[in-house]
Amino acid sequence: MRRLLRKAITAAAVLIVPSTAVAQIGLTSNVATVALTATKNATLTVTPNASTATLASITDGSNVNNFTPVSLTTSWNLTAGSSVRLIGWFATPAQALVNGANFIPSSKVEGRVGATAYAPFTGAALGGVGVAGGSLQLFSQAVAAGSFFGSRTDQLDLRLDLTGTTTLAGDYLGTLNLQAIVQ
């Protein structure tokens, strides 16, 4: 009888274990979710190929005082706006270039990009970029949904127009600030 009872228990155990294991096949957990958020910030950069433009010898009374040209790359990755504008400006227009107590004002410094005409740095700030009486818009590039990502490389030409002006001998130093703005 013991033997018969042992066989019955073993048979019952064999029948129970497989049915429990079979009941777990196909069992799934709850669905957990993780929300993903990624942000690409808008960018706008101006990169000159050189940090110095030089003029070897100033000629008084002339507008043929050309500095070495500077190549500028302006790059943008935007989400809105209608134009990218490049502004050049001097912080102190009355003293764009300084030689001790001697100054050349920004009205005597002219710039251009591409084949445009030279113009003096005498304009107003644009959208908070630049200073009154010492700024010049160098270009305006239209942008829209299809062109919110892009870049352009331009040659910046600078010169001194010293027509009717005499300067004192010495080294004149100044800093031209270049800044792009989206409008």
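R159 is found in strand 10. Strands here are DSSP runs of E with at least two residues, helices are runs of H or I with at least four residues, and both are numbered from the N terminus. The model is predicted: local features need pLDDT of at least 70, side-chain atom pairs count only at pLDDT 80 or more, and totals for chains, interfaces and linings use all residues. Residues are numbered from 1 along each chain as its sequence is written, and side-chain values use heavy atoms, with hydrogens and water left out.

Start with the surroundings of R159. Its relative accessible area is 15%, so R159 is buried. Buried means under 20% relative accessible area, exposed means over 50%, and partly exposed lies in between (1.4 Å probe, protein chains only). R159 also sits 4.3 Å from N66, C-alpha to C-alpha, although the two are 93 residues apart in sequence.

R159 forms a salt bridge with E110, and the closest N and O atoms are 2.6 Å apart. R159 lies in strand 10 (residues 149–160) and E110 in strand 7 (residues 109–113), so this pair ties together parts that are 49 residues apart in sequence. Both R159 and E110 are buried. A salt bridge is a side-chain nitrogen of Lys or Arg within 4 Å of a carboxyl oxygen of Asp or Glu. By this rule the count comes to three.

Next comes the pair R112 and D157. Their side chains meet in a salt bridge at 3.3 Å, N to O. R112 lies in strand 7 and D157 in strand 10, so the pair ties together parts that are 45 residues apart in sequence. R112 is partly exposed, with a relative accessible area of 25%. D157 counts as buried, at 11% relative accessibility.

D154 and R152 form another salt bridge, with their closest N and O atoms 2.8 Å apart. D154 counts as buried, at 12% relative accessibility.

Now step back to the whole chain. It has one helix and eleven strands. The order from the N terminus is α-β-β-β-β-β-β-β-β-β-β-β. Of the 183 residues, 26% count as buried.

Strand 4 (residues 83–89) pairs with strand 11 in the antiparallel sense over six bridges. Two strands pair if DSSP finds at least two bridges between them. V84 stands opposite V182 in strand 11.

The largest pocket has a volume of about 690 Å³. Of the 31 residues that line the largest pocket, A53, T54, F67, L97 and G174 are the closest to its centre. A pocket is an open set of points on a 1 Å grid over the protein atoms alone, where a 1.4 Å probe fits, with protein on both sides within 12 Å along at least five of seven lines; lining residues have an atom within 4 Å of a point. Strand 10 gives the most to this lining, with three residues. By class, the lining has 21 nonpolar, eight polar and two charged residues.

Note on methods: Points joined across faces, edges and corners; volume = space filled by probe spheres on them. Nonpolar A, V, L, I, M, F, W, Y, C, P; charged D, E, K, R; others polar.
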